[in-house]
Amino acid sequence: ISQATAIVQGSSVSAAQGRQVNQILDSAATLNPDREVMLLRAALNIDRNDNARARVILERVLQSEPENIVAWDLLLQAAGHDIQLQANAFRHIARLEPTVPHSH
């Protein structure tokens, strides 16, 4: 997971790096039962401008972990021009982390 995280959190991810991250995450998913693998997949999709796929992944995470602030933050990033989704994600983030400014 740390290898995938380092790639995703770096600068823009190339197609080859995206394939590499997916391979790493496929391996990690069998060994890691938490949602971190799914969150990294969502972050990768956001980086690759595939917000629709990121939203599907994040909605699955949030169904089982509605208090996951990282998932809500990523969903806010993946919302694109969906103002309703942006507002919903921001409301959850503000509730979970009250120190977040309300002018986001």
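Visitor: What should I know about the model and the numbering before we start?
Guide: Residues are numbered from 1 along each chain as its sequence is written, and side-chain values use heavy atoms, with hydrogens and water left out. The model is predicted, so local features need pLDDT of at least 70 and side-chain atom pairs count only at pLDDT 80 or more, while totals for chains, interfaces and linings use all residues.

Visitor: OK, helix 6. Which residues are buried there?
Guide: Leu85, Ala89, Phe90, Ile93 and Ala94 (buried is under 20% relative accessible area, exposed over 50%, with a 1.4 Å probe and protein chains only).

Visitor: What covers the buried residues?
Guide: The cover includes helix 4 (51–64) and helix 5 (69–78); helices are DSSP runs of H or I, at least four residues, numbered from the N terminus.

Visitor: Switching topic: which residues have the most contacts inside the largest nonpolar core?
Guide: Val21 and Leu58, in a core of 30 residues. A nonpolar core is a set of buried Ala, Val, Leu, Ile, Met, Phe, Trp, Tyr and Cys residues joined through side-chain atoms within 4.5 Å.

Visitor: Which helix gives the largest share?
Guide: Helix 3, with 8 residues.

Methods:
Helices (H or I, at least four residues) and strands (E, at least two) are DSSP runs, numbered from the N terminus. Contact means heavy atoms within 4.5 Å.
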